[in-house]
Amino acid sequence: MEKLIIILICLPFLSALLLSLFKNNTVRQIITYVSSIAIIGCAVTFAVMYFTSGKTQFYFFSKTEIVDYCMIGIEIFLMCLVTALSIKHKQYHAALLSIVQTVAIVVYELGGYAPDLEIHKVYVDQLTVIMVLIIAVVGTLITVYACGYMKDYHNHHTEFKDRRRFFFSMLYIFLGAMFGLVMSNGLIWMYFFWEITSVISFLLISYTRTPEAIHNSFRALWMNLLGGCAFAAGIIIFGMEFYVTDIQSLILYDGQTIVAPVILLSFAALTKSAQLPFSKWLLGAMVAPTPSSALLHSATMVKAGVYLLLRLSPVLNSTMAGTMVSLVGGFTFLVMSMLAITVSDGKKVLAYSTISNLGLITACAGVGVIETVWAGVFLLIFHAVSKSLLFQTVGAIENTTGSRDIETMHGLVRRYPYLAWTLVIGIAGMFLAPFGMLISKWAALKAFVDSGSIVLIILICFGSATTLFYWTKWIATVLASKTNDHRFENKTSANQWVSIMIHAGLMILLCFMFPLISSKVIIPYIQSVFNNASQVISNDNIIIMIIMLVGFFLIPGITWIGAKKPITEKLTDI
């Protein structure tokens, strides 16, 4: 398993190097497909080896002096890069934040302030495996989708310089950093990969180099660097005051005694997950091409924050830090759900929805009890697949129809039925029973009621109601049609369809595997963390859920087959 860990972290970086060398689109596509298959294969093998081992926890790599020094060198290089770009664009505050946190960490490590403890730098449990599979499957499928999308993108946007070599390289560096982040047990290692994701997201958002893209990318950068400063401060306090340098030792402490450093780490997680008042950076990321939006919003960037909060949930329970986190998350959930109603741009709705759902996961982690952690992990899984599917489908619709406005999607079920139904599956995954998002929200609400938090109950109830409103409006618009709506030829590329259809299949498969994932993965994880676990969903409810699932797909499927019309060669008035 150690070799697989090294391969999973290093392979994306190797793929990034290869992609940066070749300009030919065919060669790039081959490298992308081979890399994606290899990464997914390694991740699945990693999961199989874990679940067949009979153990629930693994620790790896304790003596890593050379690697640690290399990381320090890379951190200094990233600081110099950020500083140079910040000075070039007169964004001096970003340069200052980068210098402060990097100098603090370097002095802490090399100045003799860090405790001389031999810890295992890598830790693997059920949550690690879940995140590895999400990054590998969802993340690499997005890069496959990008092969077709970016070609169409530059055909439609000839005003932008074609920098696809750079773009694909950044995507894979992002994936490698995320693998390192979710496997890290050492706080310094996690911080290192954390900062790589911040810098790469900055570079992806500024891809087109327009004034708006540059402005939005620096906003994302300074907000994440602010969180990075808090992360660095938390690491230093934990090391110097409590002699703690790894996550697993941290969560064994009484949460009441380590409130200040936990608040600092939580603050870093809130900025990374774009919680209020730091939501603007993720909304601004919409200026980037759809693949980077899908990557930032679904599988990687924003998941890093909620992943850290879920890790910290045992020390957030019943503490001031936990109360702060849960209230920020609940408030973000409500406000962003309400804002999603005010826009008709499909990508903006998805952006607001992303921040809203991250708020709910954040609230779950902040409460930090068994039921909310169970719900939070499931929300993380379903949101990653569903939101990636939705972003990709909306991108394909925009390239096909020239618009991503929801109002122009009326009759899409007749005009472009395959795109319409993949969109419906993605939307259903976000708010309809028996898809996991709704079940998880129900479990979270029940836990909030049991905890007696009136404010959280109100926030979640009203937030869920507004969520229902905008998803219902969108799905009704897509499925509604007129008799003169004709079916047109769909010119979405094969690369895009490969990713979209696999995502749709995964969304459906997750629904059927919901009980198995709960009993074999999530419950054992909770047992290992809290030393206690119980079945959140009863067997009777599971049976009802399966019956609903069959009916959900069977009835619309029969209706659609009966309503199919032949393709017309020429576009007619819509």
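S318 is placed in the loop between α13 (301-316) and α14 (320-341). Helices (H or I, at least four residues) and strands (E, at least two) are DSSP runs, numbered from the N terminus. The model is predicted, so local features need pLDDT of at least 70, side-chain atom pairs count only at pLDDT 80 or more, and totals for chains, interfaces and linings use all residues. Residues are numbered from 1 along each chain as its sequence is written, and side-chain values use heavy atoms, with hydrogens and water left out.

S318 is not a glycine, yet its phi is positive, at about 60 degrees. The relative accessible area of S318 is 59%, so S318 is exposed. Throughout, buried means under 20% relative accessible area, exposed means over 50%, and partly exposed falls in between (1.4 Å probe, protein chains only). Accessible areas come from the Shrake-Rupley method with a 1.4 Å probe, and for residues only the protein chains shown count as cover.

With a relative accessible area of 0%, A274 is buried. P277 is joined to L276 by a cis peptide bond, with omega of about 5 degrees.

Helix α10 itself covers residues 259-272. From first C-alpha to last, the 14 residues of α10 reach 20 Å, close to the 20 Å expected at 1.5 Å a residue. The expected span is 1.5 Å times one less than the number of residues in the helix. Of the 14 residues of α10, 10 are buried, so the helix is largely enclosed by the rest of the structure. Among these buried residues are V259, P261, V262 and L265. The buried set also includes T271 and K272.

Salt bridges were assigned where a side-chain nitrogen of Lys or Arg is within 4 Å of a carboxyl oxygen of Asp or Glu. The count comes to 6 salt bridges. One of them pairs D68 with K121, whose closest N and O atoms are 3.2 Å apart. D68 sits in helix α3 (residues 65-88) and K121 in the loop between α4 (92-110) and β2 (122-124), so the pair ties together parts that are 53 residues apart in sequence. K121 is buried, at 10% relative accessible area.

R404 and D345 also form a salt bridge, with 3.0 Å between the closest N and O atoms. R404 lies in the loop between α16 (370-401) and α17 (412-415), and D345 in the loop between α14 and α15 (346-367), so this pair ties together parts that are 59 residues apart in sequence. D345 counts as buried, at 18% relative accessibility. The contact belongs to a network of salt bridges that links D345, E398 and R404.

A further salt bridge joins the side chains of K473 and E407 (3.4 Å, N to O). This pair links distant parts of the chain, 66 residues apart, with K473 in helix α20 (residues 454-479) and E407 in the loop between α16 and α17. K473 counts as partly exposed, at 38% relative accessibility. E407 counts as partly exposed as well, at 46%.

Surface patches were built from residues with over 30% relative accessible area and no salt bridge; like charges are joined within 9 Å, and nonpolar side chains (Val, Leu, Ile, Met, Phe, Trp, Tyr) within 5 Å. Lys and Arg count as positive and Asp and Glu as negative, while His and the chain ends are not counted. The place of a charge is taken as NZ of Lys, CZ of Arg, CG of Asp or CD of Glu.

A positive patch is formed by K23, K88, K161, R165 and R209. K23 lies in the loop between α1 (2-21) and α2 (25-51). K23 counts as exposed, at 63% relative accessibility. A nonpolar patch of about 460 Å² is made by L14, L17, L18, L21 and F22. L18 is found in helix α1. The relative accessible area of L18 is 34%, so L18 is partly exposed.

Helix α18 (residues 417-431) contains G429. G429 counts as buried, at 0% relative accessibility. The C-alpha atoms of G429 and V385 are separated by 8.7 Å, and the two residues are 44 residues apart along the chain.
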